[in-house]
Amino acid sequence: MQEYDVQEHYDVIVVGAGHAGCEAALAAARMGEKTLLLTINLDMVAFMPCNPSIGGPAKGIVVREIDALGGQMGRNIDATYIQMRMLNTGKGPAVRALRAQADKNEYHRVMKETLEDEPNLTLRQGLAEKLIVKNGQCYGIITNTGARYHAQAVVLTAGTSSRGKIIIGELMYSSGPNNSLPSIKLSEDLEQQGFKLQRFKTGTPPRVNKDSLDFSQMQEQPGDTTPRSFSYETAPQDYLKQQIPCWMTYTNAKTHQIIRDNLNRAPMFSGVIKGVGPRYCPSIEDKVVRFADKPRHQLFIEPEGKDTKEYYVGDFSTSMPEEIQQQMLHSVAGLEHAQMMRPGYAIEYDVVEPWQLKQTLETKIIKNLYTAGQMNGTSGYEEAAGQGIIAGINAALRVQKKAPFILKRNEAYIGVMIDDLVTKGTNEPYRLLTSRAEYRLILRHDNADLRLTAKGHELGLISDERFQRLQQKKQQITAEIQRLSVTRIKPNQQINDFLQQKQMPPLKDGILAADLLKRPQIHYTDVLQFLDSNPTLSEQVCEQVEISIKYAGYIKKEEAQIAHLKKLEAKKIPDNIDYDDVHGLATEALQKLKKINPTTIAQAERISGVNPADISILMVYIQRGRIAKTVSK
Ligand SMILES: Cc1cc2nc3c(=O)[nH]c(=O)nc-3n(C[C@H](O)[C@H](O)[C@H](O)COP(=O)(O)OP(=O)(O)OC[C@H]3O[C@@H](n4cnc5c(N)ncnc54)[C@H](O)[C@@H]3O)c2cc1C
């Protein structure tokens, strides 16, 4: 192919308009950089190849974090959802999670429109095959048509297309998701540049036609009657008025028998395919074998949109041959006559081993080259988008010659995820879980704006007006907490009757309003009835007041741990450290420290195989000033 230089000026190039690529490109463009977003197929922008839903435990928090930083995912799902539910409402605030069922085509269409409307952004169809690299620095990409695009920074977000291979029973062929073109040469080029790649796999269930389903045999899963939104910008009057229900049914002994009888025909299960699969989204074959004592597994039957009859059979992901998938479906209550519109399939793809990345998602091997999303070893739209916005921001900051932007573990789930990836690597598709965060009570769904909006504003991604609104909200929360902390409620008939109803002893002396609120089963709105002249506050402010007071003890504990972490984060490891010169390190610690090259003592501590004794040795070495010249990373 004859190559030619494209005569267009770009600062940042983003390859791939999936969930990571859309956020990366929008962030870079909104920060003022001329950005090219190049993708294999414009009809698959922000495409959801698996479950058409956004959010859920931990993932929903990431969507809010993206929104607080000025990203698009929250706004896009608010504009295109067909059902919204808050999960885990009976549990504590740390694990509550918003989840929305998306209209898959609308989600794609609205995101594409947003990209098209973005002033500094050029959206173009094309397949990137090679990087332009000189002296260890990336200057652009070359496409399959020979176009050479130049820029100062490049973000790769190739997703499951990276040397993708689709598997349906005995059928295997080279392909990206949903029969799209695979990205083969870019993978080969990355290997040639010295990157270590590994193979992961994932799967998706069959889709069925609504008209062939018997919903009378399923349980309805309606949306919440009190609507909510992911984005802090979505106004309540824009909430969807008529939600579409999802449905639930179960597998049974017959389904499991069909699966067991055909395990040798499921290559993803039988081991014919070597890629590592997602532990937290196992195929139905996996579940039947791993949990052999379970008589049934839940299946969620979910619409793919409001203008389509296609329904997604959730939790039924499979790589069985098509005919077996039919049999499996027909064994399930309500699906006896299900007409399969698309078979389920598995996909195997390449991943850049993420320890080769810095916390900014810039690669350690090639300067000005960033990678984000599924190609860094994660699984999920939200995980991809969370990395995308960070890579896009850092690419723009590099062009602007400004300091990088890193979210720490105590600041955001996005920070937890990236730190896990670059510090520990991953041997399987990485999914965010609330259990991965050590500061769960601080990294809540409801306070993402309080944690991150100021950062988004500083980066130029949040408007002054939105920032002012946040400042006002903060002031109202502080003032109300202060008021409840000094206002004493005197004992009287009204409060004692109330306490009796709650099976609590009556008040003898007065009680501070905040102390009353700290009691279990007592809410902020309960306390208000015993106070004079209450201020008019938004629901969001009331929620913060209640959580801040009720969980004050736990929050304080986490804050103390964070203070300790900050001390360790402040202890930088010089870039030019020669670990071979640090005597006494255990062999495993030496190898890992050389491989990961941590930037702080806190990060070094989190590397598995680096023990407290190694950390002490390292700290003494650094304190003694054995390093000739300190170069910041
Ligand atoms: C079959 C299947 C099942 C899945 N199941 C689950 C699941 O159960 N749970 C879960 O959490 N996640 C699942 N996922 C993963 C989910 O789809 C991804 O996590 C998410 O889409 C990743 O976003 P991304 O932006 O990183 O990549 P993608 O969404 O894959 O987007 C990558 C984009 O880059 C484009 N591209 C690739 N290479 C090039 C190139 N060389 N030049 C130009 N453009 C390029 C592609 O065309 C695509 O548009 C599944 C994915 C598939 C395909």
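Helices (H or I, at least four residues) and strands (E, at least two) are DSSP runs, numbered from the N terminus. The model is predicted: local features need pLDDT of at least 70 and side-chain atom pairs pLDDT 80 or more, while totals for chains, interfaces and linings use all residues. Residues are numbered from 1 along each chain as its sequence is written, and side-chain values use heavy atoms, with hydrogens and water left out.

**Whole chain.** Start with the protein chain, which has 21 helices and 24 strands. Its C-alpha atoms fill a box of roughly 85 × 75 × 50 Å along the principal axes. The radius of gyration, taken over C-alpha atoms, is 26 Å, which agrees with the value near 26 Å for a compact globule of 633 residues (the rule is 2.2 Å times the number of residues to the power 0.38). Of the 633 residues, 57% count as buried (under 20% relative accessible area, with exposed over 50% and partly exposed in between; 1.4 Å probe, protein chains only).

Show N and O atom pairs within 3.5 Å. A polar backbone atom of Ala-20 is 2.9 Å from a ligand oxygen. At Ile-40, a backbone N or O atom lies 3.2 Å from a ligand nitrogen. For Lys-59, a polar side-chain atom lies 3.4 Å from a ligand oxygen. The protein covers 94% of the 980 Å² of accessible area that the ligand has on its own (Shrake-Rupley method, 1.4 Å probe).

**Helix H3.** Select residues 73–80: six of the eight are buried, so H3 is largely enclosed by the rest of the structure. The buried residues are Met-73, Gly-74, Asn-76, Ile-77, Asp-78 and Thr-80.

**Asn-496.** Finish in helix H14 (residues 493–501), where Asn-496 lies. Asn-496 counts as buried because its relative accessibility is 18%. A polar atom of its side chain lies 2.7 Å from the backbone nitrogen of Leu-507.

Key:
Polar contact = N/O pair within 3.5 Å; in protein donor to acceptor, adjacent residues only side chain to side chain.
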